[in-house]
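Visitor: I have a model open and want to learn how to read its features. Can you take me through some of them?

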Amino acid sequence: MDSLYVSSHPDDFRSLQALIAAEFSPSRPQTLAEEPPARVARCRPALVLRDAEATALCGAGAVSWYLASVGGRTGSDAQQQSEVWQWLSFAENELTPVACAVVFPLLGVMGVDKKLQQSSRAELLRVLKVLDQILEPRTFLVGESLSLADVAVAMAALLPFKYALEPSDRKTLVNVSRWFDTCVNQPQLLKVLGKITLCEKMVPVTPKSNSAVNTTTAAAAANGTAPSSTPVSGEFQICTLRGGKSIGTPSNHRIYMLLSVPLPQVYKIKPLALESAFTHISKSIGCGKELTEHLCGAVIGRKGDRIYHQLKKLGSSLDWDRACFTMDPKLSYAVQEAFIRMHEEGVIYRSKRLVNWSCTLNSAISDIEVDKKELIGRTLLPVPGYKEKVEFGVLVSFSYKIEGSDEEIVVATTRIETMLGDTAVAVHPEDSRYQHLKGKTVIHPFCDRKLPIVFDDFVDMNFGTGAVKITPAHDHNDYEVGERHKLPFINILDENGFLINVPPPFLGMKRFDARKAVLQALKDRGQFKEVKDNPMVVPVCSRSKDIVEPLLKPQWYVDCADMGKQAADAVRNGELKIIPDHHLKTWFNWMDNIRDWCISRQLWWGHRIPAYFITVNDPSVKPGEDVDGHYWVSGRSEEEAREKAAKRFNVTADKISLRQGKTHTHTHTHTHSVTHTHTDKLIFLRQFLVKTTKVGRDTKLCGSESVSDRWILSRLCAAVTLCGNGFQAYDFPAITTAIYNFWLYELCDVYLESVKPVFSSTDAESQKQVEVCRQTLYTCLEVGLRLLSPIMPFVSEELFQRLPRRQTQNSPASISVTPYPESSEFCWHSEEIDREMEFVMTVVRTIRSLRADYNLTKTRADCYLQCIDSATVSLVEKYSLQIQTLSYSQAVHPVSGGDSAIPEGCAVAIASDKCSVHLMLKGLIDLEKEVAKLTTKQGELEKQMEKLEEKMKKSDYREKVPAKVQELDAEKLRQSQTELQKVKEAIENFRRMM
């Protein structure tokens, strides 16, 4: 018998969902109110199947789907199954988070933040009102009977109906209340839930529990935010007892894939300027910070819509009803809850480290927000806050005097102003030049600071003088050296980029003004050595374009080491696959060398970090420092944080003073163009569309198709297959290339040109062939547009709407709801026809090349195709109309035998090992005039080549001429040689004809 592991807590609605689904199963599993074996599953509910592989299904979604599907409650067809999945996703992602945010404080699971609870309650009512509108004409969510969709959504709404939705609320939710009452009174739900008592007044309650299950743990599991959360909808998480691995296997149901789009990056629309303006306004009229935040949020919220409009213009197929704003209550709640849990687990911690600091933003920024600007040497760059551009890409060398001697040691830096914060000079332990300086110190020229000479392996003794200045507080490498040698960390910059902790006259200077001042001061003291160009990378803030400064700041960090290892191991073990695999190197480079993530941001805009610094008003407890994590506590409210702090220091709550931090969390989470086909082809297509009959046959072949028809249908099949394979392999360039080649090079360049004679015929017999061509072309257009739709949604939609329908009834209203072509639908691919047409196009290209060589732009010429055998003659005869049309020939004559069969006056070219092309020129051109023209051309080319060769033979050519110019000269010479050879061959051919 199968075993179902559930929680016995009466409000664990995920376990209740699984228990109700089990009531529909013909063979109910045994129910166990205990944790499943660790080797089987990590969460409840879990279902262990007693099959050959002892498979385990984990999470409410997977378990309830399996049990309900056996009982026929997951939809009667593919469409209904997809709808059920959508409702499961609605319950999981829309209803559950806000329901828990409202009810959990009432159950005592989390601290009460009235403001957050009120906003969450408003969000809950908004979600339920959407559901209310949907239920107005319905009894059940999917079909005409109770399904798993009803069970899942009802269970997500269970806690609000029991504890939060007062009678006045239920009156505004008539349809939801009716539906919920219908659901919970079904026999299967009554058996599991019993009689539900609805809420009369929303007040804190202590629900009865028939187990020793901890309320917090049970509710957290119910919320799906505990470590044992339900797998993503649409997948079963299958664990095999034999292998002990978790393998994500897609279910065999056709479902809609649900992908979340990152929240709009509203700071891209200059919120800092907005913030600055609102701050000025608020100071003028006496507004508080909260009002300023509200004003900023209102404006940025409206600006965020612009990003959604951009997504719509890109053709993104999204469920716009599910759009979320960064500061929505459910997202604020999720961020708060995640921070608190990770802080309690030690994953989030407080530390004073070097961060990427933007003086313009007055905030730390992440590594991915830093652009690396590469410089090849001295460069002047604009910097916010400076009228003149600032010099970068130079290396400044200066000397430090050795204490107690006349000796000096020369160091170099690209940021000379940071020498004011130097606390050491480092050399390599094996550098013989500096062994005598062990234990020595150098004197700082601008203060009485003595800097030790330290020996460290990180120094490259082959670079410069082999001596390096160490500024631990303003350089990442120097920071590590400072840690190893326990050097002082002197911060010389404040948050706005002004110098601090430095002697006059540098004190209070702007950082890049100080750069000039320090350089001049070193020159005045005679310690300046040189300035030279130096290739370097300058870190630039992607948001403010300011130069990023490494700055020591106490910030909040996420420990990423274990997560990075798990991510790397998942790929190495085959549990996760990176497609395409050439990105594996990047993946492992990131994950194996991952650094802890700084999540603090010193901006008003964002989710406030729910952390508080503790001050204990008790003489027995010494005061803490900002960087001491023991003096920081996180909480869902200030009251909760105070209780935690009192418990930690073993004092009463009244002796605890809290200061919330000022930082906010950082929670952000080859296509070709087909539009340039020739204008005449578009006009021809338009004429075709006008003439196409609206009621035609289906896509089966009629047997009257010409070789051109069969070839283009074969190529269409090949394009469908290539696109299908491309999507399977995530090879999107292959998809766009296949579509591009079909539309431009096969349909437009070849097929449309080859069938023009058919459409220009007027006899009755030809009209039958016209209809066949028209149907073939229709198929190509309709299927081709469907292939193109995901890549170019708007162009394909516009053309699809102009395309007449074969069947006016039941025709799709939009191309976006048509099925994507699959290779199983199209069985017209013919390798034989493809090979034959490939030969034909080789012949056509050879004829076109000959015509171009002899400048036959408008004149038609007879073409004699000398074939090696009778089979090739037959092939030429079969495709003679196509060859004549595509090569713009007067007539095509297949010839077998020797050269005697070819009339005089022809230009010749080899098409393949089976066919030679002879183009009749006699009588079409003035041979003597052409020879004279070509002879002049030959002379010009020879002079050009002689001049170029003379230039390239000069002794200093290789040394003085740039490599790129040398490459261009070599290419010019090669092209001239090729052109000269062709001119000589043409002259010889013309002379043979004379």
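Guide: Start with a loop. Pro505 sits between helix H13 (476-485) and helix H14 (511-525). This is a predicted model.

Visitor: Which kind of peptide bond joins Pro504 and Pro505?

Guide: Look at omega. The bond between Pro504 and Pro505 is cis, with omega at about 5°.

Visitor: And phi? Which residues other than glycine have a positive value?

Guide: Two cases to look at. Asn362 has phi near 55°. Asn362 is in the loop between strand E7 (348-358) and strand E8 (363-365). Asn855 has phi near 60°. Asn855 is in the loop between H24 and strand E28 (862-867).

Visitor: Where is Asp546, and is it buried or exposed?

Guide: Asp546 is in the loop between strand E19 (536-541) and strand E20 (549-558). Its relative accessible area is 1%, so Asp546 is buried.

Visitor: Which residues is Asp546 in contact with?

Guide: Leave aside neighbours within four places in sequence. Asp546 then touches Ser358, Cys359, Thr360, Val383, Pro384, Arg511, Pro539, Val540 and Cys541.

Visitor: Now pairs of residues that are apart in sequence. Where should I look?

Guide: Compare the sequence gap with the C-alpha distance. Phe161 and Cys199 are 38 residues apart in sequence, and their C-alpha atoms are 6.1 Å apart. Phe161 belongs to helix H5 (residues 148-163). At 1% relative accessible area, Phe161 is buried. Beyond four places in sequence, its contacts are Arg170, Val176, Ser177, Phe180, Leu198 and Cys199.

Visitor: How many residues separate Leu331 and Ser120 along the chain?

Guide: The gap is 211 residues, and the C-alpha atoms of Leu331 and Ser120 are separated by 10.0 Å. Leu331 is part of helix H12 (residues 329-344). With a relative accessible area of 21%, Leu331 is partly exposed.

Visitor: What about Arg806 and Gln775?

Guide: They are 31 residues apart in sequence, and 9.5 Å apart from C-alpha to C-alpha. Arg806 is in the loop between helix H23 (793-802) and helix H24 (831-853). Its relative accessibility is 12%, so Arg806 counts as buried.

Visitor: Which residues of H29 are buried?

Guide: A general point comes first. An α-helix has 3.6 residues a turn, so residues three or four places apart point the same way. In H29 the buried residues include Gln966, Asp969, Leu973, Ser976, Leu980 and Val983. Ala986, Ile987, Asn989, Phe990 and Met993 are also among them. The buried residues of H29 pack against strand E30 (906-912), helix H27 (927-952) and helix H28 (957-960).

Visitor: How do I read helix pairs? At what angle do H19 and H20 cross?

Guide: Take the angle between axes. For helix H19 (residues 707-728) and H20 it is roughly 170°, and the axes come within 8 Å. Angles over 145 degrees count as roughly antiparallel, so H19 and H20 are roughly antiparallel to each other. The contact includes Trp711, Leu716 and Phe727 of H19, and Phe732, Phe742 and Tyr751 of H20.

Visitor: And H19 with H22, parallel or antiparallel?

Guide: Their angle is about 10°, with the axes of H19 and helix H22 (residues 764-788) 10 Å apart. H19 and H22 are therefore roughly parallel to each other. Among the residues that meet are Ile712, Val720 and Cys723 in H19, and Val772, Cys780 and Leu787 in H22.

Visitor: Last, confidence. What pLDDT does the chain average?

Guide: The chain averages 82, and 84% of the residues score at least 70. Over residues 668-684 the pLDDT is below 50, and this stretch has 33 contacts in the model beyond near neighbours in sequence. Residues 686-698 also stay under 50, with 26 contacts beyond four places in sequence. Where pLDDT is low, the predicted coordinates should not be read in detail.

Note on methods:
Residues numbered from 1 in each chain as written. Predicted model: local features only at pLDDT ≥ 70, side-chain atom pairs only at ≥ 80, totals over all residues. Heavy atoms only, no water. Helix = DSSP H or I, 4+ residues; strand = E, 2+ residues; numbered from the N terminus. Buried < 20%, exposed > 50% of the residue type's maximum accessible area, 1.4 Å probe, protein only. pLDDT = per-residue confidence, 0-100. Contact = heavy atoms within 4.5 Å. Axes fitted to C-alpha atoms, helices over the stretch in contact; angles between N-to-C directions. Parallel < 35°, antiparallel > 145°, perpendicular 65-115°, else oblique.
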